Amino acid sequence: MADGAPFLITGDELDPAPVLAAVRDAACGAVASFVGTVRGNNDGRGVLRLEYEVHESMALRQFERMAAALTERHGIAHFAVHHRRGVVPVGGIGVALAASAPRRGAALAACREAIELLKKDVPIWKKEIFADGSHRWVEGS
Amino acid sequence: MTVTVRLFAGLREAAGTNELCVEHTDGDVSALRTALAEQHPHLAERLSSCRFAIDDDFVGDDAAVPADAVVDIIPPVSGG
């Protein structure tokens, strides 16, 4: 069985290594992962940083539901996702997720679907802080 | 009855508060959505794009709203 917390919302800097460790399994020949980082511009405007707001109890429940759906659809062995709350500077990691499976096809497909599900159904919002001091809540992405 | 709704992100900022009380006479989410828009008209347009959740799960417009429910209003999400 894999080590470490599979689902985490944290105000600390994210490290992909524990996410990968959380899905490692001797029965699996593949670990696929996705890491989302903060881009320094959006729609032609300079972004200074992001601030993530999270409905934590519901987000963690949604992560569990995602894991169940991905396991059902792709036959993966394990799924893990760690997401930031609070301020993340440009270049920082906002999300790290990983899936393991006996073979690579399932692990890669599950990761691809996981980030799309997260951006649709998990109650997390990003606020972009621009270079001119203004800000904007991003709705839908 | 009075229902407590919790607000997040852009909707929270537009309302200037994390929580609102809504006078709500009928029992489903659709009626709550209508009551909320009538009692807070400046939020009506934003509300139309929001989903509702009870007990950490999304609920449809025909779901019942229990008398003691805390209802979360979920604007379009943008995690990742």
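Two strands pair if DSSP finds at least two bridges between them. Helices (H or I, at least four residues) and strands (E, at least two) are themselves DSSP runs, numbered from the N terminus. By these rules strand E1 (residues 2-6) of chain B pairs with E2(B) in the antiparallel sense, over five bridges. Within this pair, Thr4(B) stands opposite Cys21(B) in E2(B).

The model is a predicted one: local features need pLDDT of at least 70, side-chain atom pairs count only at pLDDT 80 or more, and totals for chains, interfaces and linings use all residues. Residues are numbered from 1 along each chain as its sequence is written, while chains are lettered from A and ligands numbered from 1 in the order in which they are written.

Now take chain B as a whole. Its secondary structure comes to three helices and five strands. From the N terminus on, the order is β-α-β-α-α-β-β-β.

The five strands form an open sheet. Their order across the sheet of chain B is E2-E1-E5-E3-E4, and the pairing is mixed. Strand E2 (19-23) and strand E4 (57-59) of chain B are the edge strands, each pairing on one side only. From one strand to the next, the twist averages 40°. Helix H2 (residues 29-39) of chain B packs on this sheet. H2(B) touches E1, E2, strand E3 (51-54), E4 and E5 of chain B. Two residues are in contact if their C-beta atoms, placed from the backbone, lie within 7 Å. The direction of H2(B) makes about 105° with that of E2(B). Axes here are lines fitted to C-alpha atoms, for helices over the stretch in contact, and angles run from 0 to 180 degrees between N-to-C directions.

Next, the overall dimensions. The C-alpha trace of chain B spans about 35 × 25 × 20 Å along its principal axes. Of the contacts in chain B with a separation of 6 or more, 52% join residues 24 or more positions apart. Buried residues (20 or more other C-beta atoms within 10 Å of their own, all placed from the backbone) make up 29% of the 80 residues in chain B.

Last comes the interface. Here 15 residues of chain B are in contact with 22 residues of chain A. On the chain B side, helix H1 (9-15) and strand E5 (70-74) each supply at least two residues. H1(B) gives the most, with three residues. The chain B side divides into seven nonpolar, four polar and four charged residues. Ala, Val, Leu, Ile, Met, Phe, Trp, Tyr, Cys and Pro count as nonpolar, Asp, Glu, Lys and Arg as charged, and the others, Gly among them, as polar.

Notes: A residue is buried if 20 or more other C-beta atoms lie within 10 Å of its own, exposed if 12 or fewer, and partly exposed in between; C-beta atoms are placed from the backbone.
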